Amino acid sequence: DVTAEELDQVLAAAGEVCPALRAARAAAQGVLGVTGGLIPEFRGEVLERGSVEGGVPPLYIVGSGQGSPCLDLRRVSQELGIAAAGADLLVIEGMGRALHTNFR
């Protein structure tokens, strides 16, 4: 399993060989630098979400806010909820990737 902090390090290493990942990570870091570390709410347009020159959308890494191996989507962190709203792709990695349900 991997934490959000560890995944950021992996992404940095992958960005050394992949220009697209490097640009997306740089776009996210640029936005977080301007917003004081907060992911902006989705407004429907890539540029409003904080792309850098060239229209590269940011790639954010956000912790789920949960420590158990079961992810309860009713109780994710507010930061994850904001980041996931309107996202094109949501990847859940590490602890908390199994979904919890009381569906019978």
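Mentor: Before we look at this predicted model, keep in mind that a salt bridge is a side-chain nitrogen of Lys or Arg within 4 Å of a carboxyl oxygen of Asp or Glu.

Trainee: Okay, how many does a search of the whole structure find?

Mentor: The search finds one salt bridge, and in it the side chains of Arg25 and Asp8 meet at 3.3 Å, N to O.

Trainee: Which parts does that pair tie together?

Mentor: Asp8 lies in helix α1 and Arg25 in helix α2, so the pair links parts that are 17 residues apart in sequence.

Trainee: And which other residues meet where α1 touches α2?

Mentor: From α1, Leu11, Ala12, Ala14 and Gly15 take part along with Asp8, and from α2 they meet Leu21, Arg22 and Arg25. By class, this contact has four nonpolar, one polar and three charged residues.

Trainee: At what angle do the two axes cross?

Mentor: The axes of α1 and α2 cross at roughly 130 degrees and come within 7 Å, and angles over 145 would count as roughly antiparallel, so α1 and α2 are described as oblique to each other.

Trainee: Switching topic, what about the second largest pocket, what volume does it have?

Mentor: The second largest pocket has a volume of about 280 Å³, and its lining is made up of 16 residues, with Asp8, Leu32, Tyr60, Ile61 and Val62 nearest its centre.

Trainee: Which elements give two or more residues to that lining?

Mentor: Those elements are α1, residues 4-15, and α2, residues 19-34.

Trainee: How do the lining residues divide by class?

Mentor: The lining of the second largest pocket has nine nonpolar, three polar and four charged residues.

Technical notes:
Residues are numbered from 1 along each chain as its sequence is written. This is a predicted model: local features need pLDDT of at least 70, side-chain atom pairs count only at pLDDT 80 or more; totals for chains, interfaces and linings use all residues. Side-chain values use heavy atoms; hydrogens and water are left out. On a 1 Å grid over the protein atoms alone, a cavity is a set of points where a 1.4 Å probe fits but cannot get out, and a pocket is an open set with protein on both sides within 12 Å along at least five of seven lines; lining residues have an atom within 4 Å of a point. Grid points are joined across faces, edges and corners, and a volume is the space filled by probe spheres set on the points. Helices (H or I, at least four residues) and strands (E, at least two) are DSSP runs, numbered from the N terminus. Ala, Val, Leu, Ile, Met, Phe, Trp, Tyr, Cys and Pro count as nonpolar, Asp, Glu, Lys and Arg as charged, and the others, Gly among them, as polar. Axes are lines fitted to C-alpha atoms, for helices over the stretch in contact, and angles run from 0 to 180 degrees between N-to-C directions. Angles under 35 degrees count as roughly parallel, over 145 as roughly antiparallel, 65 to 115 as roughly perpendicular and the rest as oblique. Contact means heavy atoms within 4.5 Å.
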